[in-house]
Amino acid sequence: MRHVTDRVSNPFGMEPPCDQFVPGYGDANADFHVVGDHPGVHGGVDTGVPFTGSAAAERLQTALADGGLLQSVGDEPDATGTFLSYLHMCVPEGGTTPTDDAYAEMERYFDAELRAIAAHVLLPVGEHATRHVLETYTAQAYRTDVEMDQLHGTELLGSGWLVLPIKDPTDWADDDDDRLVEALETLQATDYRRESDLGRFLPGGESYHVR
């Protein structure tokens, strides 16, 4: 199934209960979904686009472009095939970290968007997003060893998703860019789409792929 919207910013019209927010951005038909924490950490307060407005965001964008997930970088990157969003899209007041209750309130918006995009690969950025994705969308909720140095660029199986965690770019060592690019290139050279062809059950036998 293909989505009918061509909107790049906030394609599903999310309206969270806050004065300022940074909505999801990119391709509503994406195979890859990059998941950040919130605008105060990963940027976009001024641009309205996730992972923009800071040196760390630019470094991440460059690695994603070198790895084939972005076609251009900048405040309005060309993200054909990729979607960018946050666990907590609202801009925290006064630059504070959202409370646990605030994250819980925003979970329904993030989850609805994630399931609407239905990407094949989730790429959580940083420990908070990685821990949430592993606990919520994989069978690895038991994990307590969310060690980003080790998980960076490592493929993990989820429940219907492949998960490839990304270390927070503010903490990258000199070789972390190359590690991510290599992991993305290796991933795309494999059959990362987790689909079943149900066409054999339909009259005529045409292919009908579902997640």
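Helices (H or I, at least four residues) and strands (E, at least two) are DSSP runs, numbered from the N terminus.

I note that this is a predicted model, in which local features need pLDDT of at least 70 and side-chain atom pairs count only at pLDDT 80 or more, while totals for chains, interfaces and linings use all residues. Residues are numbered from 1 along each chain as its sequence is written, and side-chain values use heavy atoms, with hydrogens and water left out.

**Helix H3**

I checked the length of helix H3 (residues 100–117): at 1.5 Å a residue its 18 residues should span 26 Å, and the end C-alpha atoms are 25 Å apart, which agrees. The expected span is 1.5 Å times one less than the number of residues.

I listed the buried residues of H3 as Tyr103, Met106, Tyr109, Phe110, Asp111, Glu113, Leu114 and Ile117. Buried means under 20% relative accessible area, exposed over 50%, and partly exposed in between (1.4 Å probe, protein chains only). An α-helix has 3.6 residues a turn, so residues three or four places apart point the same way. The cover over the buried residues of H3 includes strand E2 (32–36), strand E3 (82–86), strand E4 (121–124) and helix H4 (126–137).

**Positive phi**

Most residues other than glycine have a negative phi. Alanine 118 belongs to the loop between H3 and E4 and, at 30% relative accessibility, counts as partly exposed.

I also recorded phenylalanine 51, which has a positive phi of about 60 degrees although it is not a glycine. Phenylalanine 51 is placed in the loop between helix H1 (39–42) and helix H2 (55–66), and it is buried at 2% relative accessibility.

I examined serine 85 in strand E3 and found it buried, at 1% relative accessibility. Contact means heavy atoms within 4.5 Å. Beyond its neighbours within four places in sequence, serine 85 has contacts that include Phe51, Phe110 and Glu113.

Valine 125 sits in the loop between E4 and H4 and is buried, with a relative accessible area of 1%. Leaving aside neighbours within four places in sequence, I found valine 125 in contact with residues including Val34, Phe51, Leu60 and Ile166. Lysine 167 is 42 residues from valine 125 along the chain, yet their C-alpha atoms are separated by 5.9 Å.

**Second largest pocket**

I looked up the second largest pocket and noted a volume of about 210 Å³. A pocket is an open set of points on a 1 Å grid over the protein atoms alone, where a 1.4 Å probe fits, with protein on both sides within 12 Å along at least five of seven lines; lining residues have an atom within 4 Å of a point. Grid points are joined across faces, edges and corners, and a volume is the space filled by probe spheres set on the points. The lining has 15 residues, of which Cys18, Cys90, Val91, Pro92 and Glu93 lie nearest the centre.

**Whole chain**

I counted six helices and eight strands in the protein chain. Of its 211 residues, 50% count as buried.
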